[in-house]
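Open the model in your viewer and keep the selection tool at hand. The tour goes from one selection to the next.

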Amino acid sequence: MNFKFLLIIVFSLSISCTIFVCDSFADSTNVSFHNLNKNKKYTSLSFGMGLSYGNNPSLKNFIQYKIPDYGSLTKNEQLSDFSSGLDFFLGIEKQIKNSYSVKGEYSYFLKSYNVSLYPQYNFSYNSHQPYLMFYYIIPQEYSYLKIGAGTGYIFSNLSVKEFGHENNYTAGGFGFKTEIILNAQIGKSFAGYLSGNISKTFLSNLKDSNGNVLLTSGTNETVNLSSLSAGIRLGVEFFFF
């Protein structure tokens, strides 16, 4: 998958959607978030997509032993320690006090590893990531700045394709994330969503459908998808007061 190409498409659609909805919402009845939030706490719905940059040391090690003559490749031809992935997210947030909120979030994450000189090998995985997040809110007249952290249980699937033959492996585990969000008001109940996050995941060993653990050739080390990553997100958020 060409992540950069897909990223450009989705970001372009997001911006176009934002402009369209902005035109629909912007009118003379606009009221600032500060005034709307004086006597009522909000519930919000957010969605969008993001780009993360992270490592998968165990998986990278597995690939290095899987591909023939990997050690003879130049540095530029080998896999980088850190690489990009995409996630699509949806969240429902409830303000519980003036300066605090809680959010339930689901994201779908995609990432692939490929060595250009060996197109017959493909390694990709996806993850279902439900999180429970807690935020400290810093309200402004026309925006919210939120600083938060949370945890969730992750379900992952790894696909290993080799000369047209595909094997699948699954794993689960926990993730921990910190995030800073800026919601800039666009309409009466509508805002942009821009955030940065850092996450760490701890996933179990990958197994096939028969319960066999995936091992690295030559070393017999178990393989997992644990990762440390940093990312950005772009989306929209609707507020209901």
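A charge sits over a ring if NZ of Lys or CZ of Arg is within 6 Å of the ring centre and within 35 degrees of the ring normal. Select K200 and F202: the charged end of K200 sits over the ring of F202, 5.3 Å from its centre. Then select K177 and Y131, where the charged end of K177 is 4.7 Å from the centre of the ring it sits over.

This is a predicted model, in which local features need pLDDT of at least 70 and side-chain atom pairs count only at pLDDT 80 or more, while totals for chains, interfaces and linings use all residues. Residues are numbered from 1 along each chain as its sequence is written, and side-chain values use heavy atoms, with hydrogens and water left out.

Colour by secondary structure next. The protein has three helices and eight strands (DSSP runs numbered from the N terminus: helices are H or I, at least four residues; strands are E, at least two).

Now select F33 and F239. Their rings form a tilted aromatic pair, 4.8 Å centre to centre with 50° between the planes (rings of Phe, Tyr and Trp, its six-membered ring, pair if their centres lie within 6.5 Å; planes under 30 degrees apart are stacked, over 60 edge-to-face, the rest tilted). F33 lies in helix 2 and F239 in strand 8, so the pair ties together parts 206 residues apart in sequence.
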